[in-house]
Amino acid sequence: MGALNSYLSNIDAEAKTMLAYLTERMKAAEGVSETLKAMDQMEWVRRMNNIRSRAEEVVYSALIYA
């Protein structure tokens with residue numbers, strides 16, 4: 001059981017790292033910044049939700065479903 005827990009822990013850490021990296025890259029590429037957040041919070045939230053959803057799909061495809 002220890003090997004399974006170790007494996008799952010490694011996958012979880014890799015997924016979290018990959019999600020954070022992809023989210024930051026997508027934010028930069030699409031111009032989602034703190035300035036946008038200050039000017040139009042609802043637009044910022046909409047864009048961030050979209051980015052997070054797409055990044056999660058990439059992580060799921062690469063690590064979870066693979």
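With which residue does Arg52 form a salt bridge? In this predicted model, for which local features need pLDDT of at least 70, side-chain atom pairs count only at pLDDT 80 or more, and totals for chains, interfaces and linings use all residues, the partner is Glu56, with the closest N and O atoms 3.4 Å apart. Residues are numbered from 1 along each chain as its sequence is written, and side-chain values use heavy atoms, with hydrogens and water left out.

Arg52 and Glu56 both belong to helix H3, four residues apart, about one turn of the helix; helices here are DSSP runs (H or I, at least four residues), numbered from the N terminus. Arg52 is partly exposed at a relative accessible area of 42%, and Glu56 is likewise partly exposed at 25%, where buried means under 20%, exposed over 50% and partly exposed in between (1.4 Å probe, protein chains only).

Six salt bridges are found across the whole structure, each defined as a side-chain nitrogen of Lys or Arg within 4 Å of a carboxyl oxygen of Asp or Glu. Among them, Arg54 and Glu30 meet at 2.6 Å, N to O, and this pair links distant parts of the chain, with Arg54 in helix H3 and Glu30 in helix H1 (residues 2-30), 24 residues apart.

Beyond neighbours within four places in sequence, Ile51 is in contact with Thr23, Met26, Lys27, Glu30 and Val32, contact meaning heavy atoms within 4.5 Å.

Methods
Helix = DSSP H or I, 4+ residues; strand = E, 2+ residues; numbered from the N terminus.
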